[in-house]
Amino acid sequence: MKDVAIIGVGLHPWGKFPDKPWTAMAKDAIEEAMKDAGVSWKDIGFIVSGSQLWGGRKGIYSGTYTEEVMGNRGIPVVNVNNACATGGTMLTVAAMAVASGAAEMVLAVSSDKSAKGFFPALPVYHEEPVPSDDTLRWNLGLPNPVYWALEMRKRMAKFGDTEEHLAKVKVMLSKHGKLNPKARYQREFSVEEVLASAMVTDPLRLYEICATSDGAGAAILCSKEKAKQFTTKPIEIIASALGSPLYGDPTARIPVVSINPKPGVPVISESWVAAHRAYDEAGVGPDDIDFVELPDNSAWHVLQYFETMDFCKEGEACACLDRGDMAIGGRIPVCPSGGFSSFGEATMAQGFAQLYEMVLQLRGVCGDRQVQGAKVGMSEVYGAAGNNAAVILKK
Amino acid sequence: MAENKQVLIGENLFDMSEGKPSLIVTHCKSCGTYFFPKSFTCHNPECVGKDVETTNLSRQGKVENYSVMNYPPPTPFVTQEPYEPIVCAAVEFPEGITIIGMMEGVTAEQVKIGMDVEVTVGTIYTKKTGDEVIAWKFKAV
């Protein structure tokens with residue numbers, strides 16, 4: 001991505017807000033982002049919005065409705081859905097709109113109210129002669145965390161990762177999340193407490209799988225040149241890369257019931273592709289990254305992504321965890337925001353919770369959870385069906 | 001009272017005609033890859049022929065990994081009531097394809113990586129009408 005900057009960010013606190021419409025949450029996030037940028041609604045020339053899974057027609061065309069809430073001005077709207085990788089995808093589309101010259105100032109916004117507990121799925125109106133993978137897994141009782149548990153079981157057999165390591169991941173993330181006023185869960189957990197929580201899908205326990213939340217986030221993008229009019233500290237998008245799987249991926253990705261593993265193809269290949277594409281695009285490597293907001297949908301994700309993003313060699317993530325590499329103050333702090341573990345998933349919006357944290361960290365305004373000297377931050381979101389996006393920001 | 005019927009989880013998934021159940025797969029004659037459920041094409045991007053046929057997969061494989069799902073997921077997931085923990089496994093077949101399914105006749109303590117299993121067919125839940133829904137399962141041999 002060439003010469004695109006973020007000049008403002010906003011984030012609605014995360015939790016459960018049954019009495020507040022998602023459009024009102026979106027409005028709060030947009031107003032915070034516009035205030036942060038020093039711009040007004042009339043400055044916005046393009047909208048990219050995260051399209052919701054569970055909000056019906058209004059949710060699918062979320063950006064169109066959000067424009068109406070803020071006041072119709074005939075602004076071009078693109079509604080984007082790449083599953084839980086929607087946040088990173090939105091940023092990519094928004095940055096492309098700036099880089100192409102389609103608009104001078106772009107708003108990217110996502111507000112989501114996730115379904116409670118295990119995610120259900122959308123109705124299928126035209127079943128095919130051979131049942132879809134989703135239809136099969138709904139009948140076989142295979143919700144998302146089962147897929148993560150299957151992968152974690154492989155790691156335990158191959159690398160000797162233990163149940164204690166999984167618990168330690170949650171403890172590490174909770175230490176970060178307790179310092180974040182926008183997080184839903186702001187308290188520290190102990191290893192004993194995590195190990196005493198319900199075994200949901202062996203070997204993953206309740207506190208090792210992220211909750212589902214309501215949340216909203218927004219960002220204002222413009223060219224690096226234009227950003228100078230608004231701030232002395234623009235945050236540059238040096239990579240915003242999308243990924244999809246490689247044939248022969250050994251991972252059972254949601255929602256498949258079969259895989260065709262081929263030698264030499266990396267685990268979660270869609271994530272490997274996006275991360276490496278981002279490094280190439282930015283011209284930096286893992287050693288240049290000061291902190292990472294990775295998609296900690298479960299404790300397995302943290303261990304796997306630390307390796308997939310090349311912060312250590314395959315099989316060494318637990319050793320890094322044990323050494324304190326992933327903690328704030330460590331070699332490469334993981335999710336200084338507290339991650340989805342502390343926020344909960346708000347599927348389409350969660351990439352923007354990461355983005356908000358990255359911008360604040362790079363501005364150096366994170367107080368007790370500040371990663372000292374942070375200059376370059378990276379994030380990655382993980383979506384069902386092989387959707388993926390990775391972002392690298394630089395101050 | 002009428003006898004409860006058995007209904008399939010879906011069409012075109014398993015073949016019972018030989019007496020013992022086999023999974024129905026697509027075999028690509030051009031590149032040798034197998035797909036389940038069956039598909040109208042080969043998905044290998046390197047394959048140029050994409051000459052596919054329908055066939056049955058071999059009946060035995062090995063448990064590659066497993067999990068035990070201890071809580072019932074919400075609709076549209078459907079599970080047996082009252083809910084019993086589901087032992088599910090990813091099973092590697094000699095043809096190079098790995099297939100996920102429920103295990104039958106093993107507890108969480110008994111299932112092991114590397115366990116030899118065969119394909120079977122059994123009830124995965126009973127509908128409110130009393131009809132039993134059947135799907136492929138794996139059983140230790």
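# Reading a two-chain predicted model

Modeller: Start with the domains, whose bounds come from an automatic or database domain assignment. In chain A, domain 1 is 4–117 + 214–235 and domain 2 is 144–210 + 238–394. This is a predicted model: local features need pLDDT of at least 70, side-chain atom pairs count only at pLDDT 80 or more, and totals for chains, interfaces and linings use all residues. Residues are numbered from 1 along each chain as its sequence is written, while chains are lettered from A and ligands numbered from 1 in the order in which they are written.

Colleague: How many residues does each domain of chain A give to the contact?

Modeller: First the rule. Two residues are in contact if their C-beta atoms, placed from the backbone, lie within 7 Å. Domain 1 of chain A gives 35 residues and domain 2 of chain A gives 33. The C-alpha centres of these two domains are 24 Å apart.

Colleague: Which elements supply the domain 1 side?

Modeller: Elements are DSSP runs, numbered from the N terminus: helices (H or I) have at least four residues, strands (E) at least two. On the side of domain 1 of chain A that touches domain 2 of chain A, those giving two or more residues are strand S1 (4–15), helix H4 (86–99), strand S4 (105–113) and strand S7 (214–223) of chain A. H4(A) gives the most, eight residues.

Colleague: What classes of residue make up that side of domain 1 of chain A?

Modeller: Ala, Val, Leu, Ile, Met, Phe, Trp, Tyr, Cys and Pro count as nonpolar; Asp, Glu, Lys and Arg as charged; the others, Gly among them, as polar. That side of domain 1 has 16 nonpolar, 16 polar and three charged residues.

Colleague: Which strand of chain B is joined to S9(A)?

Modeller: Strands pair if DSSP finds at least two bridges between them. Two bridges join S9(A) to strand S8 (residues 98–104) of chain B, and the strands run antiparallel. Ser258(A) stands opposite Ile99(B) in S8(B).

Colleague: Where are the cis peptide bonds at Pro203(A) and Pro82(B)?

Modeller: Asp202(A) and Pro203(A) are joined by a cis bond, omega about 10 degrees. Pro203(A) lies in the loop between S5 and strand S6 (204–205) of chain A. In chain B, the bond from Glu81(B) to Pro82(B) is cis, with omega near -5 degrees. Pro82(B) is in the loop between strand S6 (60–69) and strand S7 (86–92) of chain B.

Colleague: Is Cys335(A) buried or exposed?

Modeller: Count the other C-beta atoms, placed from the backbone, within 10 Å of the residue's own: 20 or more is buried, 12 or fewer exposed, in between partly exposed. Cys335(A) has 29, so it is buried. Its phi is positive, about 50 degrees, although it is not a glycine.

Colleague: And how many residues of H14(A) are buried?

Modeller: Of the 14 residues of H14(A), 13 are buried, so the helix is largely enclosed by the rest of the structure. Gly364(A) follows H14(A) and has a positive phi, near 75 degrees.
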